Amino acid sequence: MSEAVLDHAASERYAQATQLQLTWWRFRKHKLAVASLVVIILFYLVAIFADALAPNDPHATDARRSFIPPQGIHLFDDSGFNPHVYGLRGVRDPRTFKLAYAPDPARKLPVRLFANGYSYDLFGLFETDIHLFGVVGGNRGEGIFLLGTDQLGRDLFSRLVVATRVSLFIGLAGVTLSLLLGVLLGGISGLYGGWVDTLIQRVIEVLRSIPTIPLWMGLAAALPNTWSVTQIYLAITIIISLIGWTELARVVRGRFLSLREEDFVVAAELAGASQLRIIFRHMLPSFASHVIAAVSLALPAMIVSETSLSFLGLGLRPPAVSWGILLQDAQNIQVLAGAPWLLAAAVPVILAILAFNFLGDGLRDAADPYG
Amino acid sequence: MRRREFGIAVLAGWAGAAVAQTGGELQGSGLVGTLESPALITDPTRFPQQFQEAPMLAEQVRAGRLPPVAQRLPQDLMVIQPLRGVGKYGGTWRRGFIGPGDSENGNRLMSADKPLFFDETGTKILPCLARGFEVSEDGRRTTLHLRRGLRWSDGTPCTADDWIFWFEEIYTNKDLVPAPAAELTLKGKPARLVKLDEYSIAFEFDDPYFLFPYLLAGDTLIGGGHTRQQIEGRAYGIYAPKHYLQRFLPSHTPVDALTAEARAAGFSTWAQLFLFKCDWRLNRELPTLAAWRMVQPINTQQWVLERNPYYYAVDSAGNQLPYIDRIQMGLAENPEVVNLRAIAGEYDYQERFIDLGKLPLLVENQQRSKYKLHLDLGFNGADSVLFPNPCYTDDREIAALLGQANFRRALSLGIDREQLNEAFWLGLGTPGSVVPAEILPESPGKEWRTRWSMHDPAHANRLLDGVGLTRKDREGYRLRRDNSQRLRLEITVAQTLSPTWPQQSEMIVQHWRQIGIAADVKVQERSLALTRGRSDQIQIIIWTNNGTESLYLYPRYALPVDPTAGVMGNAYALWFASNGARGTEPPEPEMRRAHALLRDAAGQREAERHRTAQEIWKLAVEQQWGIGLVGLSPAFMGVRVVSDRLENVPGRTGISQHIRTPWGAHPEQWYFR
């Protein structure tokens, strides 16, 4: 009896819920997707607060700290809880001329929250030098190197954090552009049908049949080399989204085709609604969730595109810092043999791609709550 | 005699310099050996009488495709006493190159085509193609004695006519040689080449030219045969195979027929066809005099050279050289790949592109990959030099700044060379200006190494304020004087020679932040970068001044004098080379004075010439035409990976431009155990 009541209450709730609520309930069940959402939010937080999170200036070079291995934080000392790192002393091996670093126990550098470091513009609004954490009282060349340093002595952790900003936003910008193109062309294609549809669909097929890497290489090589880093950055975004829009256009077109025949659309038509009203008031909301899912699946592709282009030396170039550029630094044999920690740049790439894919998966399932 | 003494002094000094530079660290490492090279036997009574040849040639002789070895060798032999012992024939020397722009890689291996050559110290002239030379008492005439019976690689005799042919029919043809070679012009007056007999020629000048034989031996536009002939489609050199090439000249074949032939071969003019025909890297029909001849061109995956059956040298036992059958240069996408393959033991001898920064890895892999590592110390002032181009054409403001001594000095003072030395030279180099090692007679003295070349951002900032760059933007970068945009310099890096040039430039960009100078690093393929350099489209290029340790033989990286170089102001170089007929006259009086000094030195005898060189170096440092970074190290072709199987390889070899590294180690007498 009581079960039936409960069931009834549940189905009542179900029947009264808005589509957004339904989607959310469905999405919540996909544990991996929820976890991925958290990861992605963290990634974007890192991207937004990149400079505040980076303890060292990502561009500052110092040969005396070249190729420092990852460094651990010591949490306690004799006086109790006192997070600190040791100063490092680099000594050259007389036989191989390699710099070997040994911690100097006499030189203790306390690690503190909200420490002062290099100055930067927060949100491009005001200048500050407060960083989430950092060492206090370090001399020039001293600092905390959680993931070690590269050949020029730049702190890898700081560079990774700053690279996150470039790599994630280039993906976001690329997807936005793709979305615009995709919804526009897909919508036209699905709505009007006929020769317009055929033309757009054939263009999509031709674009998709071209292997992407050579196409990008050709386009990237055509960028004038007098362009500044920012111009290159924008151009790369456009190049990447040139391919990205096709997938979205297909999704949108498919939804348009199926929705066109739905009763509620016919009803709206009969009620005399204008075409724009039908599209934006009735049709779009019913497939927006699908578009969001498609977008979240397109994002990782964008990020990988930027990474691979930059890795091949065709995308962004120094002093811009992106995941691809960091990986490019890890291309040489010294790194593979002597400084494998530089490969750490691959980890955020993998994490971000996986998270976006799981999120997209979850969203796609949730997008159709009645299914 | 004086010359020999000088050579010994240099030798002793060389070892001394090594200790001084590195505090004995290098000596202790066991990686620096004794400077040595095989001796030449010049006494004809000690010449071998019986000759042997490589099995691959003996086979062809038996098949009747080649005459016997005794008939192929010249009467005036070049006899080499192998470094450790007589070797045996066979094998392939595996090596790496990085693409069609890497011509120098092969040119150096063809150095047996030079009229004269140097000993291992780079100071004493030795016979090469010519068995001897004399300079007249007044210095106006240099006579070369060619080897009687010398033959091209196709068997045709090589005589004085081949030299006259080049001089009269190629050199004077404006389509092939647009600008005369500076070496063949003295005080604006051209040289005359006279044939004395079938095997003697004389170069005559209106004024004393004591320097001339050194130029024939050095790495100059005239210091060789067709290895000089592919410099940007200009046929320099000093002789050419008349029997093969004359057919492609309009003076021997009607121009219409030649043009038709050129069109059929995919060229638009006869001159292009001719330049292809005399390009040894691409045209395998072209006869050579070098130890190996090209059998597979440079624009392929494997650039292959094979022994020249008519090579003019034998060892002390009468074996025709070279011992090694074949040189196989494998294409590597970039210098990094060359290093990788070297570490994996895939090369038998590689010094080019080997990165000093990888020394730890190179040392650790010696046993596993079966090679021995050698370090050869350089004599030139700076392995890396920033060359600001005052002739830059694309931006007037930047050209005006680069043309000001104080701006260049500020750029120089803004660089922390100690940092570069630590990061890229493993602390083994010497930071400083462009001047050569103190031990050389051309060095102006110790104080010139540090002049304008110490890290002093405060001084640099004062200098920059002084040239009017006082306004700065929010981030502290200086603004241009002509508009209010940020001043942005660009450092061009050619992808060649040093794999760490891009990173070095990036570090310099960081140092310049302190003096408010913004700069970008642009990495380009070598030939593209140099082509842009030759049309003055480069602002600053990072290059080396390797070669300038012998200023007169290779002044192109000390002063803008060579329009083919493409790293220093090209308009000035053209003006110098054409004697003011073309190009732009340098507005800086110091540059004009340096040009005049260089011109005068040609007629001076040795001691006076050295003093002139010191004056030129002082001007170069004072004016910072080249901003020297770190030098006197093994960084530039001085890190050498040698297979354990390779014998007769010197413990240490001269790595100067004019010693044509690795030719100074005489590869023709190396052999595989």
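**Confidence of the model**

Next, select residues 1-24 of chain B: the pLDDT is below 50 here, and the stretch has 29 contacts in the model beyond near neighbours in sequence. Two residues are in contact if their C-beta atoms, placed from the backbone, lie within 7 Å. For the complex, the predictor gives an ipTM of 0.71 and a pTM of 0.74.

This is a predicted model, in which local features need pLDDT of at least 70, side-chain atom pairs count only at pLDDT 80 or more, and totals for chains, interfaces and linings use all residues. Residues are numbered from 1 along each chain as its sequence is written, while chains are lettered from A and ligands numbered from 1 in the order in which they are written.

**The contact between the chains**

Now display both chains. The contact takes 24 residues from chain A and 28 residues from chain B. Select helix 12 of chain A (residues 333-338), which supplies four residues, the largest share of the side of chain A that touches chain B. Helices (H or I, at least four residues) and strands (E, at least two) are DSSP runs, numbered from the N terminus.

**A sheet in chain B**

Which order do the four strands of the open sheet in chain B have? The order is 3-15-13-12, with mixed pairing; two strands pair if DSSP finds at least two bridges between them. Strand 3 (92-97) and strand 12 (292-296) of chain B stand at the edges with a single partner strand each, so one side of each is left without a neighbour in the sheet.

Select strand 13 of chain B (residues 302-307), which runs antiparallel to strand 12 of chain B and is joined to it by four bridges. Here B:Val304 stands opposite B:Gln296.

**Two helices in chain B**

Finally, select helix 21 (residues 589-601) and helix 22 (residues 606-623) of chain B, whose axes come within 10 Å and cross at roughly 160 degrees. Helix 21 of chain B is therefore roughly antiparallel to helix 22 of chain B, a term for angles over 145 degrees. Axes are lines fitted to C-alpha atoms, for helices over the stretch in contact, and angles run from 0 to 180 degrees between N-to-C directions. Show the side chains where they meet: among them are B:Leu597 and B:Leu598 in helix 21 of chain B, and B:Ile616 and B:Leu619 in helix 22 of chain B.

Note on methods. pLDDT = per-residue confidence, 0-100. Parallel < 35°, antiparallel > 145°, perpendicular 65-115°, else oblique.
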